[in-house]
Amino acid sequence: MQKILFVLAISLFSSWSVFSQNVEETYQFAEEQLKLGNYNNSLLAFERAIFFEDHTSADTYTKLADVYFAAGNQERAIRFYDIAYFSENDPDLKNVIIFKKSLAYLQLENYDQALISLTSINSFQNKTVAQKKTFYKTLTYYLKGDFASYHEQLSQYTADQNIEGKDELLLHNKWEKKAAKIKPNLAMWMSVVLPGSGQILYGDWQNGLNSLALTTGLIALYINYIDQFSLIEAYLVVFPWFERYHKGGYLRAKENAEEKIDLYRSKAYQSLLKLHPAMLK
């Protein structure tokens with residue numbers, strides 16, 4: 001009986017040793033797969049290692065969240081950033097996790113939650129963290145479309161960093177000014193009065209001239225119908241076509257102006273990101 005128990009104990013010890021080694025190897029494999037961009041393999045390896053491990057560190061949960069983030073699954077990334085945050089004791093590392101979680105919310109276009117997350121940042125007596133927090137708030141307000149708060153944060157950030165003359169900031173301001181000059185309602189009403197003029201106002205000459213030619217032709221046809229047949233027949237036959245193309249033209253003029261704004265703001269945002277790309281890591 002004693003011999004059997006001894007053999008069983010040795011067997012259990014051996015199994016435990018192999019198991020421990022496998023967990024370490026699994027973590028190593030998971031990180032290698034992450035570096036190679038094989039996110040599914042990395043996720044499976046991390047989750048397997050966590051399942052068999054007695055105690056999982058905040059660092060491991062953060063890495064797992066990073067893989068979900070890189071794989072585009074921001075909901076799961078946020079879940080594991082939360083677990084990592086509450087498992088972490090180091091205030092600086094907690095800040096790192098919160099910044100990553102905020103980026104995940106930005107990816108989800110959940111700007112209010114990103115701002116709420118940033119309130120958890122502990123920047124007391126840490127100038128670098130405080131500036132990074134301001135930068136994140138600047139990006140968030142910009143994406144949210146809260147331009148009053150965005151300008152306030154950007155002014156604070158540029159003053160803190162002393163970057164008023166930096167090329168990326170000047171380029172950002174240039175695109176912002178271009179976007180601010182676009183007036184979608186003006187373009188629409190111009191096309192209501194003179195078809196095509198709203199499109200031409202913001203450079204869409206082809207569609208503007210097409211709209212002008214088409215509506216002018218329909219007006220000529222309308223008049224011709226009155227002359228050849230009657231006002232009622234002109235109204236019943238030609239007017240619906242005129243109304244359709246006229247309305248389509250002035251609505252398109254407004255959409256075209258809004259697309260211009262989106263384009264300029266996209267370029268402004270890209271310039272903003274290039275101000276300090278290291279802040280986003």
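A: A residue counts as buried when its relative accessible area is under 20%, and as exposed when that area is over 50%. The model is predicted. The close look is at helix H2.

Helix H2 covers residues 39–52, which makes 14 residues. From first C-alpha to last, H2 reaches 20 Å. That is close to the 20 Å expected at 1.5 Å a residue.

Next, the buried set. In H2, Ser42, Leu43, Ala45, Phe46, Ala49 and Ile50 are buried. Viewed down the axis of H2, the buried residues fall within an arc of 170°, so they line one face of the helix.

Asn40, Leu44 and Phe51 are exposed, on the face turned away from the buried side.

Now a residue in another helix. Ala84 belongs to helix H4, residues 74–87. Its relative accessibility is 0%, so Ala84 counts as buried. Setting aside residues up to four places away in sequence, Ala84 touches Ala58, Tyr61, Thr62 and Ile97. Thr56 lies 28 residues from Ala84 along the chain, and their C-alpha atoms are 9.4 Å apart.

His246 gives a second case. It sits in helix H14, residues 239–273. The relative accessible area of His246 is 15%; the limit for burial is under 20%, so His246 is buried. Beyond its neighbours within four places in sequence, His246 contacts Ser191, Val192, Pro195 and Thr215.

Last, the largest pocket. Its volume is about 300 Å³. The lining has 13 residues, and those closest to the pocket centre are Phe69, Lys100, Leu103, Gln107 and Leu280. Two or more lining residues come from each of helix H3 (58–71), helix H5 (91–107), helix H7 (127–144) and H14. H5 gives the largest share, four residues. By type, the lining divides into nine nonpolar residues, one polar and three charged.

One face holds the buried residues, Phe46 and Ile50 among them. The face turned away from that side carries exposed residues, including Leu44 and Phe51.

How values were computed
Residues numbered from 1 in each chain as written. Predicted model: local features only at pLDDT ≥ 70, side-chain atom pairs only at ≥ 80, totals over all residues. Heavy atoms only, no water. Buried < 20%, exposed > 50% of the residue type's maximum accessible area, 1.4 Å probe, protein only. Contact = heavy atoms within 4.5 Å. 1 Å grid on protein atoms, 1.4 Å probe; cavity = no way out; pocket = protein on both sides within 12 Å on 5 of 7 lines; lining within 4 Å. Points joined across faces, edges and corners; volume = space filled by probe spheres on them. Nonpolar A, V, L, I, M, F, W, Y, C, P; charged D, E, K, R; others polar. Expected span 1.5 Å × (residues − 1). Arc of directions from axis to C-beta.
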